[in-house]
Amino acid sequence: MKIPLTALIILISLYSIQTSAQKSAHTWYFGKKAGIDFNSNPPVKLTNSAMQTIEGTSCFSDPTTGAILFYTNGDSIWNKNHQPMPNGFGLGGHYSTTQSAVIIPDPGNNNRYYVFTVYAQANLYGPFCCGSGGLNYNIVDMNADNGLGDVIVKNQPLLSPTAEKLCAVQHCNGQDYWVVTHEWGTNKFYAYQVTPTGINSPVISNEGTIHQDAGSTNAWETIGYMRISPNGKMIATAISQEIKRVEVFPFDNNTGIVGDSLFSDSGFTNTCGTTGPYGVCFSPDNSRLYISNNVPGIGGSCADISGIYQYDLTLNGAVALIASRTAIVTSNSTQYGALQIGPDQKIYVAKSSQAQLDVINNPNALGPACSYTANAFNLNTFSGPYQSQLGLPNFCETLLNPPLRCYLYFQGCLGLDSVLVLDTLLTPPYTFSWNFDDPASGASNFSADQNPFHNYPSVGVYNVSLTIIQECQSITITKPINTLGNFQVDAGPDTTICVGDNYIIPTSGGANYSWSPVDGLSCSDCANPLATPTVITTYIVSVSAPLPGCEDEDSVVITVLSTTELTVTPSTAVCSGDTLTLIADGAQTYAWSPGSGLSATNISNPLATITSNITYTVIGTFANCTPDTETITILLFPTPEVDAGEDVSIYENELATLNANSSANLFSWQPIVSLDNANINNPNASPVSTTTYTVTVTDNNGCTASDTLIVFVLPDDAFIYIPNAFSPNNDGINDKLEYFTKNITSLQFRIYNRWGQLLFESNVPGDFWNGIYKRLPQDIGVYVYEVVALTKGGNTLKQRGNFTLLR
């Protein structure tokens with residue numbers, strides 16, 4: 001058997017290009033809890049959204065899986081679990097802003113995203129919540145909130161006031177992004193370059209119509225979409241209400257500059273208090289522009305008509321471009337909203353308060369050939385609330401470009417073969433420059449085609465390079481290509497069979513097979529012969545083709561057994577209660593006995609818990625071979641003996657010496673707090689309260705045993721009682737000042753008269769004063785005593801007072 005050759009792909013570039021797994025725009029949420037999953041083909045509806053919004057939204061999905069990361073209506077953000085992010089509210093947008101938000105990746109941090117927002121009606125009419133009322137940015141960190149993401153930078157103002165226009169496109173350097181808005185009250189476009197280091201100062205272009213209140217008296221003219229073409233070369237705006245105009249300009253995705261107008265179409269004559277042009281969307285190939293004429297007052301007495309219109313952008317001159325406007329669909333009962341390219345390269349059309357979206361199936365085609373289908377995508381369930389409103393998700397247009405795929409075709413051992421050299425997202429236009437690593441072919445060693453063919457003279461490994469040249473950069477990819485391709489043969493893994501059994505060799509790859517030796521094979525020139533060897537045999541398969549170098553071979557070893565050859569782990573000894581894994585090998589099925597203490601009896605490696613001496617028997621069977629039997633004996637080491645000693649009692653602050661006896665030589669006491677050494681047999685313990693100590697011993701075999709003792713800590717309640725009077729008159733009653741003690745080990749007792757003269761002193765317990773000083777009876781009166789004593793708990797007790805001597 002062989003290990004397949006793996007080609008190494010080397011990318012040489014100023015940045016890491018994105019792979020075809022770019023699915024950042026594959027999950028949409030919009031309108032009234034509506035959603036679409038483009039990870040399926042065809043796409044399917046989603047009914048798990050937490051968002052209800054009238055107009056703009058933005059979403060961002062995992063670039064590899066297409067699963068949603070988070071989505072927003074410009075005011076709030078929901079995570080992938082459809083829960084609000086902890087700090088994801090009041091972000092400066094509005095649920096009724098035409099393009100309330102757009103999300104772009106942070107070019108300098110793969111875990112962070114910018115969320116740009118604009119507010120409704122230039123924040124001139126109606127309540128305002130958060131941010132500047134114009135263009136703001138927020139930053140979401142997907143590492144926050146345990147990987148669900150949270151807003152870590154919030155409501156950072158960039159420009160105010162603005163129209164309800166906000167769009168983004170990738171910079172032509174393939175790394176940065178342009179975020180573009182339009183200032184309210186001027187004709188200024190503001191383009192902000194987002195780089196790995198942050199947001200640059202805006203590029204300002206004064207072009208086209210002044211976006212201002214032209215008679216609506218409430219800034220309705222802020223309404224309408226602005227879009228950049230997928231190739232980053234044009235920008236279109238729709239201005240609604242009293243202005244009613246569509247404008248298209250050149251856009252430079254290298255400098256961010258908006259150029260002189262290509263055309264300005266004001267030929268919309270809606271009369272019923274209408275909105276006018278609303279949605280704009282370029283076709284994926286940048287050749288057409290689609291706009292929606294939004295008439296909210298249609299129906300009833302209003303004679304105006306809503307519609308979807310197409311412009312042919314391949315024409316030259318404003319007159320021709322305006323004249324190319326073609327009605328694709330019209331209606332006096334439907335209010336059309338946003339238009340958005342999907343990952344499937346179709347354009348989806350929003351309709352206010354409808355359970356379906358319309359779809360333009362072939363948006364690159366001219367006129368009716370674009371294949372407009374009404375109610376093509378159903379958003380609702382039988383009884384659900386899911387509806388389109390006016391908005392669809394707002395994306396960086398580049399994320400919706402189809403992936404660029406470049407194949408190299410060549411004549412291989414099996415005929416025409418191909419290798420995928422490049423699969424990524426890049427913004428057109430671009431040119432191609434190939435080098436096939438075949439200099440002997442002269443001029444044929446180079447090509448400017450996207451998917452060229454090269455006729456190699458022989459099979460081998462060639463270091464093919466492809467350079468993609470764009471306006472702002474060039475990317476070179478070098479890939480070692482083995483033109484042997486799928487002609488490599490693989491005879492499969494080595495195997496073992498029993499005498500009389502057979503095995504179909506699972507060969508793959510190659511052609512024109514030749515096997516040797518042929519003994520035991522059902523055929524010598526087929527791909528998958530039936531092998532029935534009687535002894536261990538190495539079979540070699542060779543493949544070939546007429547093209548020079550189209551040769552390969554592989555081998556497979558088939559071992560033949562007459563009986564099952566079982567191997568087991570050796571017998572051993574363990575401590576009582578230990579567990580160990582019994583291991584048997586060499587069979588396909590196993591049967592262990594007895595089953596006591598085993599985790600399973602029919603596997604090769606059961607876990608055994610040992611409580612007594614035991615012998616396990618295992619019978620192994622391999623295919624039709626004679627079964628084999630082996631045994632494993634497990635003996636128990638003797639358990640060490642241990643005696644922690646008798647329970648003891650001490651007073652507070654006293655020490656107790658513990659003394660464990662054992663045949664083992666390693667000791668471990670618990671708890672270790674209050675022990676002077678927890679790893680000897682006789683530590684000193686000074687607990688502050690009654691404590692149970694456990695000693696665990698370990699012998700030379702590693703076996704353990706434990707025992708416990710309790711150290712009772714008695715309170716130090718020592719006291720001395722001195723009577724307050726005595727009468728030394730020799731009547732046999734209270735003739736001495738007799739005191740009483742408890743838990744006192746020693747004391748110093750003194751008596752003074754009222755002038756401070758020491759009359760009596762003794763450190764002998766039970767030595768009481770009889771009222772005599774220097775053989776003279778003392779007078780009746782009050783005397784002072786002083787006692788200093790040592791308690792059994794090791795504390796010093798001091799006591800001072802007075803008593804009365806009576807006669």
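Two exercises with worked solutions follow, on a predicted model.

Local features need pLDDT of at least 70 and side-chain atom pairs pLDDT 80 or more, while totals for chains, interfaces and linings use all residues. Residues are numbered from 1 along each chain as its sequence is written, and side-chain values use heavy atoms, without hydrogens and water.

**Exercise 1**

Find the partner of Glu471 in a salt bridge, and state what the pair ties together.

*Solution*

Step 1. Recall the term: a salt bridge is a side-chain nitrogen of Lys or Arg within 4 Å of a carboxyl oxygen of Asp or Glu.

Step 2. Check the distance. Glu471 pairs with Lys233, and their closest N and O atoms are 2.2 Å apart.

Step 3. Glu471 sits in the loop between β35 (461-469) and β36 (474-482), and Lys233 in the loop between β18 (226-228) and β19 (234-239), so the bridge ties together parts 238 residues apart in sequence. Strands are DSSP runs (E, at least two residues), numbered from the N terminus.

**Exercise 2**

Classify Glu786 and Arg800 by relative accessible area.

*Solution*

Step 1. Set the cut-offs: buried is under 20%, exposed over 50%, partly exposed in between (1.4 Å probe, protein chains only).

Step 2. Take Glu786. Its relative accessibility is 25%, so Glu786 is partly exposed.

Step 3. Take Arg800. Its relative accessible area is 57%, so Arg800 is exposed.

Step 4. Link the two. Glu786 and Arg800 form a salt bridge, with closest N and O atoms 3.0 Å apart. Glu786 lies in strand β66 (residues 781-791) and Arg800 in strand β67 (residues 796-805), 14 residues apart.

Notes: Helix = DSSP H or I, 4+ residues; strand = E, 2+ residues; numbered from the N terminus.
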